Amino acid sequence: MIKDNLIKVQLRISQVNHTQSVTLVAVSKTRSVYELQQAIDVGQQHFAENYLQEALIKINHLKGQNLIWHFIGPIQSNKTLKIAKNFDWVHSIGRLKIAQRLNDQRPKNLPKLKVLLQINIDNEPTKSGVLVGQIDELITHFESLKNLTLRGFMCVPNPFSSAQSFSRMENIIKQYSNLDVLSMGMSHDLELAIENGATSVRIGADIFGKRT
Ligand SMILES: *Cc1c(COP(=O)(O)O)cnc(C)c1O
């Protein structure tokens, strides 16, 4: 049951030795409104979606329940307007062009959009994201994007070396005193991520069951 699964994940988080506060973000891609409501009913507030169209349906259905929506999927230019209008957080910024569009399209009546750079921490050619060597240059441009707040980094490391990758991420973010969010750790490696400084873990399968 989703309720019991959530309690188990919360317990796993609390059992890791850590001093930072950790936000549990429920990754709800492919899950129904009904499944999300079960998590909401036991207090889950943060949800993450990868695909815009299905996300918009859920956001609309679940309006008025004080939820916080995170976009974590790949972003094409033609998706930025609806992301800017409907989400609170975007974890998957990999290009300046996307950040610029989100900034320009963020409605003025909403708070600033909170964003993270997705870091290609293992330099994998098949993965999108910012290379470590590009971070410094990219960050300088966020100063002028007044409708965004750059809060930190997100990564999805290669599972064969995730301990080293998480540890590198922790060292990198320490170099930026104004960045306070490290989004890393999924169902199978949340403990390792938290030990290495994760402040947001993105959990799907261990809350909602295996995706088919
Ligand atoms: C699907 C997904 C997750 C959740 O993964 P689980 O193994 O189901 O916990 C986390 N982050 C991203 C970017 C995802 O696409």
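The ligand's space is the largest pocket, a pocket being an open set of points on a 1 Å grid over the protein atoms alone, where a 1.4 Å probe fits, with protein on both sides within 12 Å along at least five of seven lines. This is a predicted model, where local features need pLDDT of at least 70 and side-chain atom pairs count only at pLDDT 80 or more, while totals for chains, interfaces and linings use all residues. Residue numbers start from 1 along each chain as its sequence is written, and side-chain values use heavy atoms, leaving out hydrogens and water.

Around the ligand you'll find, among others, Val27, Asn50, Ile72, Met186 and Arg211. Here are some polar contacts (N or O atom pairs within 3.5 Å):

| Residue | Part | Distance to a ligand oxygen |
|---|---|---|
| Lys29 | side chain | 2.7 Å |
| Ser187 | side chain | 2.5 Å |
| Ala205 | backbone | 2.8 Å |

Of the 390 Å² of accessible area the ligand has on its own, the protein covers 87% (Shrake-Rupley, 1.4 Å probe).

Now for the rings: the whole structure has three aromatic pairs, with ring centres within 6.5 Å. Phe47 belongs to strand 2 and Trp69 to strand 3, 22 residues apart. Phe47 is buried at 0% relative accessible area (under 20% is the cut-off), and Trp69 is buried too, at 5%.

Phe71 and Phe87 make an edge-to-face pair, at 5.3 Å and 85°. Both Phe71 and Phe87 are buried.

How values were computed:
Phe/Tyr/Trp six-rings, centres within 6.5 Å; stacked < 30°, edge-to-face > 60°. Helix = DSSP H or I, 4+ residues; strand = E, 2+ residues; numbered from the N terminus. Buried < 20%, exposed > 50% of the residue type's maximum accessible area, 1.4 Å probe, protein only. Near = heavy atom within 4 Å. Polar contact = N/O pair within 3.5 Å; in protein donor to acceptor, adjacent residues only side chain to side chain. 1 Å grid on protein atoms, 1.4 Å probe; cavity = no way out; pocket = protein on both sides within 12 Å on 5 of 7 lines; lining within 4 Å. Sits in = over half its atoms within 2 Å of the grid points.
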